[in-house]
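Okay everyone, thanks for making time. I'd like to walk you through one model today, so let me get it up on the screen.

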Amino acid sequence: MTHAMQKGSNIPVTTVAVRAVLRWTGGPEVPDVDASALLVGPDGRVRSDEDFVFYNQPRHPSGSVWRLGKKQVGGAVTDAVQADLRTVPPVVDRVLVVASAEDVPFERVLDLRILLYDATATGGAEPLAYFDVRPETGAETALICGELYRRGDAWKFRALGEGYSDGLVGLATDHGISVDENAADGGAGGASAGTGAAGPTSEQTAAMRPPTPPPHPPTPQTQAPPAAQPAYGYPQPVSPAPVPAPGGDPSFRLPVQGPQFIRR
């Protein structure tokens, strides 16, 4: 049975692995949307920049959360994040599923929906739940669409739809990741949901970071999991070898050499 969720509602998650798929209607005037995830503790903050899974850092070091990439499905476009709930570090309380559009408000994104699937199911299975994400103001450039969160030894999923008008930079800052304080035009500070503050331009965002370091071969711990039998256009989960969760101060500040918020 597929649950049609309302904002703020929640459902139990009984499967060991889930796939959160963002889907929207594509078109020439529709901005590109990216899926990402933040792994946060009970205080709502990341332990380090490694707890931010996005387009320039597509897999968590623990192997528990990773991006799957975009797919064209008829007139719709999808981007997805997958989580093996068995290997999420115990100190992680919630996994936030985020949608972001660079410098473009979500009022121009049509029919945005998050669908939650059982990632262990074979192809053709119905989603466990879906939620139609509707921005409150339309000016948001990043949205927390939903969250996977712990309840004792179990997991649940909650529909959220909380927006940020200063994009992925503001959202990340609000959850404990700090950007370079010498960023152009004042840089990016913490942003609470729905502040309405103007977000940084792509030029300002680029100024927050040094040039991208030369690429280097991935280590076994950062390689994407191998694909298995496809389902819904995405590979089935592969349980990686557990990796000790990185420690750190909840007040961690992102180093200058941390994740880039511009594509590379």
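Predicted model: local features only at pLDDT ≥ 70, side-chain atom pairs only at ≥ 80, totals over all residues.

Which strands make it up, and in what order? It's an open sheet of six strands, going 2-13-12-9-4-5, and the pairing is antiparallel. At the edges you have strand 2, residues 10-13, and strand 5, residues 52-53, each of which pairs on one side only. As a reminder, strands of a sheet pair through backbone hydrogen bonds, either parallel or antiparallel.

Now look for helix 1, residues 167-174. It packs on the sheet and touches strand 4, strand 5, strand 9, strand 12 and strand 13. Its direction makes about 30° with that of strand 12. Is this helix mostly buried or exposed? Seven of its eight residues are buried, so helix 1 is largely enclosed by the rest of the structure. The buried ones are Gly167, Leu168, Val169, Gly170, Leu171, Ala172 and Thr173. Just after the helix comes Gly176, which takes a positive phi of about 100°.

Strand 13 covers residues 154-164 and runs antiparallel to strand 12, residues 142-151, with nine bridges joining the two.

Next, a loop residue: Pro135, which is found between strand 11 and strand 12. Pro135 is partly exposed, at 25% relative accessible area. What does it touch, once you leave aside neighbours within four places in sequence? The answer is Phe106, Glu140 and Leu143. Gly161 is 26 residues away from Pro135 in sequence, yet their C-alphas are 6.7 Å apart in space.

While we're on backbone angles, have a look at Asp111. It has a positive phi of about 60° although it isn't a glycine. Asp111 is in strand 10, residues 110-118, and it's exposed, with a relative accessible area of 56%.

Last topic, the charged pairs. How many salt bridges does the structure hold? There are 11. I'll pick out a few.

Lys7 pairs with Glu136, with the closest N and O atoms 2.6 Å apart. Lys7 sits in the loop between strand 1 and strand 2, and Glu136 in the loop between strand 11 and strand 12, so the pair ties together parts that are 129 residues apart in sequence. Lys7 is partly exposed at 46% relative accessible area, while Glu136 counts as exposed at 63%.

Then there's Lys70 with Asp32, where the closest N and O atoms are 3.8 Å apart. Lys70 is in the loop between strand 6 and strand 7, and Asp32 in the loop between strand 3 and strand 4, so this pair ties together parts 38 residues apart in sequence. Both partners are partly exposed, Lys70 at 33% and Asp32 at 42%. They also belong to a network of salt bridges that links Asp32, Asp34, Arg67, Lys70 and Asp79.

One more pair: the side chains of Asp84 and Arg86 meet at 3.0 Å, N to O. Asp84 counts as buried, at 0% relative accessibility, whereas Arg86 is exposed at 52%.

That's what I had, so over to you.

Note on methods: Residues numbered from 1 in each chain as written. Heavy atoms only, no water. Pairing = 2+ DSSP bridges. Helix = DSSP H or I, 4+ residues; strand = E, 2+ residues; numbered from the N terminus. Contact = heavy atoms within 4.5 Å. Axes fitted to C-alpha atoms, helices over the stretch in contact; angles between N-to-C directions. Buried < 20%, exposed > 50% of the residue type's maximum accessible area, 1.4 Å probe, protein only. Salt bridge = Lys/Arg side-chain N within 4 Å of Asp/Glu carboxyl O.
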